[in-house]
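Me: I'm new to this one and would like to learn how to read it. Could you walk me through it, feature by feature?

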Amino acid sequence: MTLEIKDLVVEHRSPGRPVVRAVAGASLTVRPGEVVGLVGESGCGKSTLARAVCGLNPVTEGSITFEGVPVTPLGLRRRTLTGVQMVFQDPYASLNPRRRVGDQIADGLRTARDGETDPADLLERVGLPREFAGRHPHEFSGGQRQRIAIARALAARPRMLIGDEPISALDASAQAQVATLMRDLAVDSGAGLLFISHDLSVVRLIADRIAVMYLGRIVEIGDTAEVWDDPRHPYTQALLRAIPKPDGMGVLPEELTGDVPDPAAPPEGCRFHPRCPFAMDVCRVKEPEPGPVACWLHEPA
Ligand SMILES: Nc1ncnc2c1ncn2[C@@H]1O[C@H](COP(=O)(O)OP(=O)(O)OP(=O)(O)O)[C@@H](O)[C@H]1O
């Protein structure tokens, strides 16, 4: 039940515009019952990677396999049968406003060919009252809607859950609750969870491992405590320094000011070198090898 992403390249092509290599050679594994947090600034390719895992973006190079079977673009109906389910950022857009919540959850149950489970049981599993099944999405808060979207994803009995910024549109009070719920549901059912967020504090709370993405590549990956306590890539170090303090104060490290370089024309050498305070000559000309830390400061001699 392992999700294996190997040397993945995903390009966006639109007429008259340069090709955007949004994922530029990324490798990542998510095992059953494991929670992997994928973090990085906006535009670094997290959503593109997530969508490729769900068969929503075609793979340009490299591979994605789930349970040993290559993931390929699929129509909506067959997608629900693959065992991979995605929870999107915006619970207002992802639920149909005109249909009752219970009916939307029942769609997933039907595709999983499981007539036994009642949508209300799934609502209970995500911490909502059973009677919500008869109501419409507009009656609920963002956090409640996201729980409903999670119940709908669970209906298809996923063996892998992908959360693409599933908490970033929610109130602060709901964020940690929804993240923890996704973790508990995935771990309890033995499914893997790839949790994408730009909020490192929440990822620290729920993830077994953290993968840090920069301009289409994974620049650091490791156990959550290790990455948190001893970040080794200068980009990871900057991201951690950028986390606001409990008093709300925070200073954006110099490395993260200004725009992320354009993925259609990435810098030569290490992609982070123009923003890196430790850049050496080699960093300007040669891309570091992928590994737990893709950085020339940490290359074995
Ligand atoms: N359909 C598309 N056509 C062209 N370019 C795209 C398309 N989708 C994404 N991109 C570009 O690909 C790059 C990666 O985008 P992506 O949404 O994957 O990043 P992200 O890390 O998820 O960012 P965010 O957190 O803002 O969603 C960006 O430069 C984005 O502008």
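Reply: Here is a tour from the whole chain down to single residues. Keep in mind that this is a predicted model.

Me: Let's start with the whole chain. How many helices and strands are in the protein chain?

Reply: Counting elements is a handy way in. The protein chain has eleven helices and ten strands.

Me: And how do I judge whether the chain is as compact as a globular protein of that length?

Reply: You set its radius of gyration beside what the globule rule gives. Here the radius of gyration is 20 Å, close to the 19 Å from the rule for 301 residues, so the chain is as compact as a globular protein of that length. Along its principal axes, the C-alpha trace spans about 65 × 45 × 40 Å. Buried residues account for 45% of the 301.

Me: What share of the contacts between residues at least 6 apart in sequence join residues at least 24 apart?

Reply: That share is 65% in the protein chain.

Me: How many bridges link β1 and β2?

Reply: Eight bridges hold that antiparallel pair, with β1 covering residues 3–12. You can follow the pairing residue by residue: V9 has A24 of β2 as its bridge partner, and V10 stands opposite V23 in β2. Strand β1 also runs antiparallel to β4, joined by five bridges. There, K6 has S63 of β4 as its bridge partner.

Me: What about the open sheet of six strands: what is its order?

Reply: Read across, it goes β6-β7-β8-β3-β9-β10, with mixed pairing. The edge strands are β6 (84–87) and β10 (217–223); each has a single partner strand, so one side of each is left without a neighbour in the sheet. On average, neighbouring strands here are turned by 15° against each other, direction ignored.

Me: Next, the ligand. How many residues surround the ligand, and which are closest?

Reply: The ligand is surrounded by 13 residues, the closest being H12, A22, S42, S47 and T48. The elements giving two or more residues to this shell are β2 and α1. Helix α1 supplies the largest share, three residues. By class, the shell has four nonpolar, eight polar and one charged residues.

Me: Let's finish with one residue. Is S201 buried, exposed or partly exposed?

Reply: You count the other C-beta atoms around it. For S201 there are 14 within 10 Å, which makes this residue partly exposed. S201 sits in helix α8 (residues 200–206). Sequence distance and distance in space can also be read side by side: S201 and I243 are 42 residues apart in sequence, while their C-alpha atoms are 7.6 Å apart.

Methods: Residues numbered from 1 in each chain as written. Predicted model: local features only at pLDDT ≥ 70, side-chain atom pairs only at ≥ 80, totals over all residues. Pairing = 2+ DSSP bridges. Helix = DSSP H or I, 4+ residues; strand = E, 2+ residues; numbered from the N terminus. Axes fitted to C-alpha atoms, helices over the stretch in contact; angles between N-to-C directions. Near = placed C-beta within 6 Å. Nonpolar A, V, L, I, M, F, W, Y, C, P; charged D, E, K, R; others polar. Rg over C-alpha atoms; globule rule 2.2 N^0.38 Å. Buried ≥ 20, exposed ≤ 12 C-beta atoms within 10 Å, placed from the backbone. Contact = placed C-beta atoms within 7 Å.
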